[in-house]
Each structure stands twice: as structure tokens, then as C-alpha cells.
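Morning, everyone. Let me put the model on the screen, and then we'll walk through it.

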Amino acid sequence: MDEGSVRDRSRLLGDSNYHDDPDNNPSQLAFLLHFVKSSGPPQIVALCLIIALALGSTIGVVPSVVEDRYARLHHGYSGEPCVELVKENRPHECTLGNEDAQNSAAMASFVSNTLTFVTSSLMGSISDEKGRRGIMLLGIGLSVMAPLNLVLIQLFPNMDPFLYYASHGASGLVSWIAIALSSLSDVMPPMWRAPSFGLVLAGFSMGFALSPILAVFLSHLGVSIFALGILVAGFVFACVSLPETLSPDASEKAKRKRLAEQPKTETGVEVIKYTLLRPMKELMILNRSRLFRLLSALAFFSGCIGTADQTLLLYYLEENFGFNDKDIAILFLTIGTMGIFVQTVVLKPLNSLIGERRIIIVAFLVGALHNYLYGVAKAKSTIFISATVAGFTGMSFPTISAIKSNNVDELEQGRIQGALYSLSSLSSALGPMMLRYVYHKTKNGGGFGKGTMFIFGGGLYLIATFCAWLLPEEQANSNLKKEAKKRNSLIDFDKESFDYGTACGKAEESIGSR
């Protein structure tokens, strides 16, 4: 008898465990209880909070520190720190330093995401065999290097920011977040994966919401030291408490599957060839079906604009709107608070109501709107309004991740998460470069002026919306997949294994008790 028949039999016989099945009790409380009691998900969310708090606290520090350092090293500036000067009084050297900082940030993002593109699918496939924990620890360890170099830049006045951006780029060798999503897929039922991934983003949002406030009360060096300390503490926490979620049985099956698919390698040259080509082979899972090809397009467009917004927005706001530490703190408090609200309160019921496909459509339409508002903004108030609605765009990432997870078996969770994250990383590498190109062509009056790059980003979100509309609904929506599974289980119901006498007796007892 299959799983669906067992559930139907349990329901008819009055089995109390029926109500503990997530397919039959999809309430918000049941989801949260299952999430908290699972081994792995709570630790991953805690890590996301710690890492976001560490990295987010330096978001407003990096542009100010690096802009001033480039102005002094590259353009001969020797006055007051650029960040302490109001926009109208900033010398040309500070403006040039800001442009150097934006170019370096875009290049570091390009390098980091290119490395992730090359390695993420392979790391995901390896995690299907070797386990999730070790690869996650390696990725978190690499993320410590950039904050360390940020502290050193401020301790040594003549140190070039190159080492900071180089270490930031090198962190892309191992993307621990893709492995974390695979770890969640190991323990969470399909219909709860989208809100589970949303809670991961909520952890990030909470960290980013709180962290910039530190820059208001501490010096830039103090914030940087705090970020480094808490990131080291997060790494220690991961070493001590992070469990392995991949079962030994799933690991063994994944190994046998890979060996069955692996070509014979009799010479050293063949071994080297297989090793070099394996990352591209792992990526071919994205061409398996129309659904995966559409998901790849969604990941590409959303990655382009999402990363470009994260990488370039603060530089744009500091240069054109005179944002200071207080403004940045308010901005990220707004973005983080809305992110927490959307991921913890809105996503789960909305997913049950309209399904994953329509959630992605809504998220991308909101993305087009808030990028347009960034581009046409003339005052800080418009920026804050745009940041408020931007939280709804964040629904797309966990939802896309859930769809791809729901359409592969347990042996390929790491592979599919890594492959799609690789593609997303490629787009994230190209996105900031594309928007910087648009900026250079329009900053002196072309198009809509300096904000044209964000309007261009809004146009890409509209293209992504059309791709989301093309998603096959029966494959994209977990609630439709669940209903189809129930219908099939009723059609294939095993009559010989069902005890009609017991069922009728239960029914008679129920009627008699009335």
C-alpha cells in the first residue's frame, strides 16, 4: 500500500496521527512547532542571524572607509574624512574615491559570484554524498576574512583596500547558504519548504535590521571589531552545535548513483578531464525539464537585480542623497523589519492561499516597482517608501528554492540547490557590472539621469515576471501536487489490504455515541 493509501486508511479509522501530518494540518502553528523541534533548522536560522548581524553592521562602514581611503591613495586628498563633509562641500577627490569604491565593489562581487558559479553545483553534489556540515563550516570560515581585513585597513592608514575586496571575492569559493537550504530540505516536508527558506531570510533580515544601528553609537573601527568578533563567535557556534542532517542511507544512495553515472576513467588524463568537467556536468540538471529551465531564467534575472541593488545602492545614496550613518541605520531597519514581517507572517498563509507560482509573480512585480522608485526618487522619503515595499520582493528567493527542491528526490537536494545557486551567482556577478555600465552612460544626463540604472533593473524584473507566469502551475504549486497525489492514492487504493469490517465498526460506534 502506498503512502497516500496509508493516510486515507488512517483518516477513515480515526488515527490521531493523521492530524500530525503536515499535509493534513498545514497551520502556521504546526509549521513553527515542526521547524523548532527539528534538528538543524533552528541552528541554521541562528547562524543566519549572527552572520547577518556581523556583515550587516559594516554595510554602512565599508563605503565610508573605502571612499576616503581611495580618495587619499589614488587622488591625493589630504583633508577631513570624506564622510564628515556634507554633500555640497565634498571635494572632487571624494567623488572620485566613491567611484573607485563602487568599481571595486562591483568587481569583487563579480569575482565572488563567478567562483560560486564554478563551484556551487559541485559543492552541492559533494554534500549529497559527504554531508552538509563540513562544507557549511568551510564556507562560514571563509566569510571571516573580509571583516578581518576591514579592521586592518583602519589600523594601518596606508593599507590598500584591495585585500578587503580580494577576501570578499574569495569567499565565493564555498557558498554555505546553498548547502544550508539543502540541509533544510533534508528535514522539512515539501509543502513547508518555502516558508522554511523564508525563515532563513527572516534571520538575515533581523540581523541586517539591527546591525547598522551600531554605527550610530560606535566608531567605524569599533563596529568593524564588533563584526569580526561576532563572526568568529558564529563560526565557533557552528562548530559546536550544527548537526549533520543528511542521513547515512541517503548518502550511500547518492554515492552509488554517482558511481553508476560516472564514466570509466582508466588513465590519469581521463581522471583530470572528468574532474575539470564535473562542475559543468552537475549544472546540466538545470536543463532536465521545462520547469527547471524557467526556474533558471527566474534565478538569473532576480540575481542580476537583487545583487546589484545590494552592492550599489548605498554608494548611490551616499553620493546623490547625502546618506549618513543615521540614514543608513533607518534604511536597513526598515528593510529588515519588513523582511521579517513578510517572511514570518505573510509568506506561509499567502503560499497556502495562492500557491508558489503567483507568489513569484507578485514578488517580481513589487521588485519592478521599488526599483523604479529608486530610479526616479528626488528625496530621501521616496527611498524609504521604496525600501518599505522592497521586503515583498524577498518572497521570490525562498519560493523558487522550494519549487526546485520539491521537484527532485532526496538524492539530488544538494545538487539542484547548488546548480541553481551557481546560475544565480553568475547573474549576481553580471548584475552590478551591467548596472554600472548603464550608470556610466547616463550619469551626465542621459536617460533618467543617474537613477536610470535602477529603472533598467525594474525592466528586468518585468521580464522575470513574464517567465514566472509561464511556470507550469501543477508542478510549481505544492498544494496542487499534494491534491494530485491524494487523488492518485484514492484511485490506486488497495482494496484487499483495507479492513472494511473495522471501518464499518468504527462508523457504527461513532453513530451510536451520538
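One definition before we start: buried means under 20% relative accessible area, exposed means over 50%, and partly exposed lies in between, with a 1.4 Å probe and protein chains only. Now the ground rules. This is a predicted model, so to speak of a local feature we need pLDDT of at least 70, side-chain atom pairs count only at pLDDT 80 or more, and totals for chains, interfaces and linings use all residues. Residues are numbered from 1 along each chain as its sequence is written, and side-chain values use heavy atoms, with hydrogens and water left out.

The overall picture. The protein has 23 helices and zero strands. Helices (H or I, at least four residues) and strands (E, at least two) are DSSP runs, numbered from the N terminus. Of the 514 residues, 54% are buried. Contact, by the way, means heavy atoms within 4.5 Å. Take the contacts in the protein with a separation of 6 or more: 83% of them join residues 24 or more positions apart.

Next, aromatic rings. A ring pair is described by the distance of the centres and the angle of the planes. The rule: rings of Phe, Tyr and Trp (its six-membered ring) pair if their centres lie within 6.5 Å; planes under 30 degrees apart are stacked, over 60 edge-to-face, and the rest tilted. How many aromatic pairs does that rule give? Ten.

Look at Y316 and F454. Their ring centres are 4.9 Å apart and their planes sit at 65°, so this pair is edge-to-face. It links distant parts of the chain: Y316 is in helix α15 (residues 290-321), F454 is in helix α20 (residues 452-469), and 138 residues separate them. Buried or exposed, Y316? Buried, with a relative accessible area of 4%. F454 is buried too, at 0%.

Then F364 and Y461. Here the centres are 5.8 Å apart and the planes at 40°, so the pair is tilted. This pair also links distant parts of the chain, with F364 in helix α16 (residues 325-376) and Y461 in helix α20, 97 residues apart. F364 counts as buried at 0% relative accessibility. Y461 counts as buried at 4%. One more item on rings: ring pairs link Y316, F321, Y374 and F454 into a cluster.

Staying on helix α20, find L462. L462 counts as partly exposed, at 47% relative accessibility. Leave out residues up to four places away in sequence, and L462 touches L365 and A368. L462 and A368 are 94 residues apart in sequence, yet 6.2 Å apart in space, C-alpha to C-alpha.

On to helix packing. Two packed helices are described by the angle between their axes and the distance between the axes. Axes are lines fitted to C-alpha atoms, for helices over the stretch in contact, and angles run from 0 to 180 degrees between N-to-C directions.

First up, helix α3 (residues 41-56) against helix α10 (residues 193-210). They pack at an angle of about 30°, with axes 7 Å apart. α3 and α10 are therefore roughly parallel; angles under 35 degrees count as roughly parallel, over 145 as roughly antiparallel, 65 to 115 as roughly perpendicular, and the rest as oblique. Contact residues include I44, V45 and C48 of α3, and L199, V200 and G203 of α10. By class, this contact has 13 nonpolar, three polar and no charged residues. The classes: Ala, Val, Leu, Ile, Met, Phe, Trp, Tyr, Cys and Pro are nonpolar; Asp, Glu, Lys and Arg are charged; the others, Gly among them, are polar.

Now α16 with helix α17 (residues 380-390). Their axes come within 6 Å and cross at roughly 30°. Among the residues that meet are D327, H370 and Y374 in α16, and K380, F384 and A390 in α17. This contact divides into twelve nonpolar, five polar and two charged residues.

Two serines to finish. S183 lies in helix α9 (residues 176-187). S183 is buried, at 3% relative accessible area. Leaving aside neighbours within four places in sequence, S183 is in contact with I44, R132 and T245.

S38 lies in the loop between α2 (28-37) and α3. S38 counts as buried, at 12% relative accessibility. What does S38 touch, not counting residues up to four places away? V187 and M188. S38 and M188 are 150 residues apart in sequence and 8.2 Å apart in space, C-alpha to C-alpha.
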